[in-house]
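Morning, everyone. Please bring up the sequence and the model on your screens.

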Amino acid sequence: MGLDIRWPIGLMFTLIGVLLAVFGAVKASDSVSLDININLVWGIVLLVFGVFMLLGAISGKKNPPSA
Amino acid sequence: MQTIHLQWIDYTILIAYVAFVLGIGWTLSRYMKTSSDFLTSARSIPTWVTGLAFISANLGALELVGMAASGAKYGIATAHFYWVGAIPAMIFLAVFMMPFYYGSKARSVPEYLKMRFDERVRFLNSVAFAIMTIFASGVSMNALAKLLNQLLGWNYNAALWICSGVVLLYVLKGGLTSAIYTEVLQFFMIVLGFAPVVYLGLKDVGGWHSMNTSLQGVAVATSTNYAANAWTSTWQPLLAGPAHNPMGVDWFAIVFGLGFVLSFGYWCTNFLVVQRAMAAKNMTAARNTPLVAAVPKMVFPFLVIVPGMIAVALTANPGKDYRIPPPVIAQANYDQAVAVVKTATPADNAATVAAVDKALGKDVNPDKIAALVTANSTAKLADADIEKGIYFSVKENDYDGVILSLVKKYCPPGLLGLALTALLASFMSGMAGNVTAFNTVFTYDLYQAYLAPAKSDSHYFWAGKITTIAGIGLSILAAYFASMYNNAMDIIQLVFGFVNAPLFATFLLGMFWKRTTGTGAFLGLFGGIAGSTLFHALTIAQGNLPGVKGGYIKVLETFPSEMAQNFWLAAFAFTVCFTLTLVISLATKSMKTDAELRGLVYSLTPKTVDHNLSFWQRPAVLGTILLIICLILNVVFF
């Protein structure tokens, strides 16, 4: 079917990752749980995952899977 | 306790998720041209996508809520639902059964039954399945609406209708493909939304080892029957007997009832999951779908069961200020109880306790209330502290609230939105899975087969859409029904026991013994379902009153726990169905020739040749590797 699911997954997690990380960086005092700025840390994790998915989608577009 | 007010960041995450899910539906809607596009995805989806959808459709709200509840009630032994009750059956489906499902070109599991046996078997199965999907979907929706009500103070009815509305929109737009694609998105959302909660929880209890030490203390304190490892070992407490483990089951019930009958009945014959594999683009992709799914399934216990164990470990540490949440009590009732405690004197504790019980509508621990009143009369406490004291004194535990209480405890704004969105995602994937399975079965196996045969494809395309709307409407009714039960998992297991347990006997005989006849299968299946209903009516679990929980005709047998009752019910239903099918098949004449059964029965089907695949891509090889890993997990947590 004509939609590579990696696009929406990648876009969504990149967006949420950036949101969370920026929120964590700006409002650090609101973001701490057990002495960790969990919003910042987890935002970066989501961002990395999202970008990874997007890269997959881009390379999938260049080299469409054969079967 | 107080509900949480979400901040803009939480709402933004939630809205972003809903927007993407709806966006997928809208993007896919232009590819929806025929009933087959809408109901079966026209067999076009890659393996990793069907694999993750396979697992995500199974990962309804009941998994996150119910498994955390079970983790708290039963400990690591809950992992039997994965390492015994899922992985072996998923591998069996991939290696042995998928060739028949996919190769037969059937559009649904009931349709396979029609090809293999006759109309009667299909009818019985499709009706039973349709009812079951509606119930499963209803339980899932009820769980979500309850959570949103507890966590955010949203109106139960509004939460139920709005969330169902979102699922309706994207399923109606993009059909099965939309459900499968969003399930993949939901899979990642659930994993990435809950992983930080588990991490923070483990950190708080001092790591894995220290969590286990706390749990050992709890086990010994709970009952003199329990060994220290009752919550921390999977097999040893079972081998000690039903009185020595919190599940109240023995190893035979787990291995035969759960591991064989319920598990194979669910994973190998339930169209909800099988449908995902049938949407794969080719036979290899279809066979590898359950194997791809088995990988995350194997590690899910750490995501969904461990939170329950963390919660119990927290209760053992008074400094952590945590209890298993009590049932939800309205703020107005807490206010009344606070007023009672404020004016109470230590001398008249019995009257105070009675008044607090009345105000809350729940029993409280008299000692804790006495301590609270004494503390308040020595030095006036703030209302919030009194309320907290009352919260800690409610006797009853609501295990379904465990996961939510941890989310509240550990998530700051932002992460809270993410975890909440993950919960929402789990609910939606479960519901969409059920609805897409329901609309296919209803449209093809009931509507096209009996009500309106030989119409144009566009007619069935529209029938599929209308069925989707009806399915969601019925699910909402089922949700209201489900709201009457405490542990969603138990009721679902019960329904699976009635419907699925006998079914696997039919498939086992039908697929692997060509002599099985339509009459044998039909009467066997019928007998199996009737047998399980009768079994339920004649047995009960300890502590339950005869009625909806069983024993409503007469109590012939009392089981140590509801779970034991469910597992034995499944084992009984399977045995009845297997025996009846076997005996009746021998006594009746087969209506199908060998040629007609080609591709449907093991001995008459040419073996799938995997020579074109490299060694590591062959389902049998992958399945063996997964089985070995699963075995290792069982040994490690023995």
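I will take cysteines, then cores, then aromatic rings, then charges over rings.

First, the ground rules. This is a predicted model, where local features need pLDDT of at least 70, side-chain atom pairs count only at pLDDT 80 or more, and totals for chains, interfaces and linings use all residues. Residues are numbered from 1 along each chain as its sequence is written, chains are lettered from A and ligands numbered from 1 in the order in which they are written, and side-chain values use heavy atoms, with hydrogens and water left out.

Cysteines. How many disulfides does the structure hold over all chains? The count is 0, where a disulfide is a pair of cysteine sulfur atoms within 2.5 Å. Take B:Cys268: its nearest cysteine sulfur belongs to B:Cys630, 14 Å away. B:Cys268 is buried, at 0% relative accessibility. Buried means under 20% relative accessible area, exposed over 50%, partly exposed in between, with a 1.4 Å probe and protein chains only. Now B:Cys577. Its closest cysteine sulfur is in B:Cys268, 15 Å off, so too far for a bond. B:Cys577 is buried as well, at 0%.

Cores. A nonpolar core is a set of buried Ala, Val, Leu, Ile, Met, Phe, Trp, Tyr and Cys residues joined through side-chain atoms within 4.5 Å. The largest one has 203 residues, and B:Tyr17, B:Tyr101 and B:Phe188 touch the most other members. Helix 9 of chain B, residues 156-204, gives the largest share, 23 residues. Helices here are DSSP runs (H or I, at least four residues), numbered from the N terminus. A second, separate core has 18 residues, including B:Ile329 and B:Tyr334.

Rings. There are 47 aromatic pairs over all chains. Rings of Phe, Tyr and Trp (its six-membered ring) pair if their centres lie within 6.5 Å; planes under 30 degrees apart are stacked, over 60 edge-to-face, the rest tilted. B:Phe123 and B:Tyr450 have centres 5.3 Å apart and planes at 90°, so they are edge-to-face. They tie together helix 8 and helix 21 of chain B, parts 327 residues apart in sequence. B:Phe123 is partly exposed, at 42%. B:Phe264 and B:Phe504 sit at 5.3 Å and 50°, so that pair is tilted. B:Phe264 is buried at 12%, and B:Phe504 at 1%.

Last, charges. The charged end of B:Arg107 sits over the ring of B:Tyr444, 3.7 Å from its centre. That needs NZ of Lys or CZ of Arg within 6 Å of the ring centre and within 35 degrees of the ring normal.

Technical notes: Helix = DSSP H or I, 4+ residues; strand = E, 2+ residues; numbered from the N terminus.
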